[in-house]
Amino acid sequence: MARSLIEHPTARNAAILARGREVVRNEADALAVLVDALDDRFVLACHMIAEAKRRLVVTGMGKSGHIARKVAATFAATGTPAFYMHPAEAAHGDLGMLTSGDVLLVLSNSGNTAELRPVLDHARRVGVRIVGVASRPGSLVIERADIALCLPPMREACSANIAPTTSTTLQLALGDALALTVMDMRGISVDDLRSFHPGGAIGLRLTPVSDIMHGARQLPVVAEHSGMADVISTMTRGGFGIAGVIDGRGDLIGVITDGDLRRHFAELDSADAAAIMTRGPRTITACMTAEEALRFLNDEQITAAFVVERRESGYPLRPVGIVHVHDFLRVGLG
């Protein structure tokens, strides 16, 4: 049925597509306005969050609450201790989650959500500083905030201007901007991010090549003056479809692949490794992430690469490992 609709477009289907594009365009236009709306208050908010003595507590009600949960998760995933606090539950005994030294980030479209009042009052009583995000300048959230971030007053993508759509998109983008800016201010590294994501796809992508590669004992390497019998034996035994050629110091000076053997087939009975190898091999380093290494293999259209360490700038290269595209598939990346 779906294929039939696509293959035989009608005026109704065209209108459906146009409406979808209109919604996306409206929200994209709102984001462009938000870019220009950011000012010194954004800078102050980032400093306040980065300098919090304890944690960032994010709250919001309804659709803003859903966004607040995601914003808290993004902060936590990027090096800022953070959690979401439900404002209605807080008023029924959970306000103890919010204590001196925390920073409170409040998300609300109208800024006058009734459930937020007890949270704001408690924050004031215990000396918690507040970053308020809302679209109405004179609202409760904006008036109670130490730093107020007013969202641009954009119409919702909903045709009735009721369903939270554009407003929640703006909240989400602003939350991401705050979280990632604070991450950079904290100097969070790739290794730090990996420690926050030990499992799942993100953890795999950030895994260093050194954790995946085959080490020195499994290196398929031959000396530069080795004969073809040794080269082919090494390639077959290693199972990587490649042999590295090293000089007297143990530096990688070339590689031999199945393609090199075919191109030099007529010379194989007399040539040595140095004569048929490809010089200047494409290599990777142990500190690269698995994602970077797999992208490198795909971009270079090769199935295996030696992992090297540089003893000095440029060459020579000391081979310390090797990775094959199948190694990434084996760990679930690819």
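This is a predicted model: local features need pLDDT of at least 70, side-chain atom pairs count only at pLDDT 80 or more; totals for chains, interfaces and linings use all residues.
Me: What makes helix 4 roughly parallel to helix 8?
Reply: The axes of helix 4 (residues 63-77) and helix 8 (residues 166-186) cross at roughly 15 degrees and come within 9 Å. Angles under 35 degrees count as roughly parallel, so helix 4 is roughly parallel to helix 8. Axes here are lines fitted to C-alpha atoms over the stretch in contact, with angles from 0 to 180 degrees between N-to-C directions. Helices are DSSP runs of H or I of at least four residues, and strands are E runs of at least two, numbered from the N terminus.

Me: Which residues of helix 4 meet helix 8?
Reply: Lys63, Ser64, Ile67, Lys70, Val71, Thr74 and Phe75 in helix 4 do so; contact means heavy atoms within 4.5 Å. By class, this contact has seven nonpolar, five polar and three charged residues.

Me: Which element gives the largest share of the lining of the largest cavity?
Reply: Strand 5 does, with three residues. Lining residues have an atom within 4 Å of a point; among them are Leu34, Phe42 and Leu174. The lining divides into eight nonpolar, no polar and two charged residues.

Residues are numbered from 1 along each chain as its sequence is written. Local features need pLDDT of at least 70, side-chain atom pairs count only at pLDDT 80 or more, and totals for chains, interfaces and linings use all residues, while side-chain values use heavy atoms, with hydrogens and water left out.

Note on methods:
Angles under 35 degrees count as roughly parallel, over 145 as roughly antiparallel, 65 to 115 as roughly perpendicular and the rest as oblique. Ala, Val, Leu, Ile, Met, Phe, Trp, Tyr, Cys and Pro count as nonpolar, Asp, Glu, Lys and Arg as charged, and the others, Gly among them, as polar. On a 1 Å grid over the protein atoms alone, a cavity is a set of points where a 1.4 Å probe fits but cannot get out, and a pocket is an open set with protein on both sides within 12 Å along at least five of seven lines; lining residues have an atom within 4 Å of a point.
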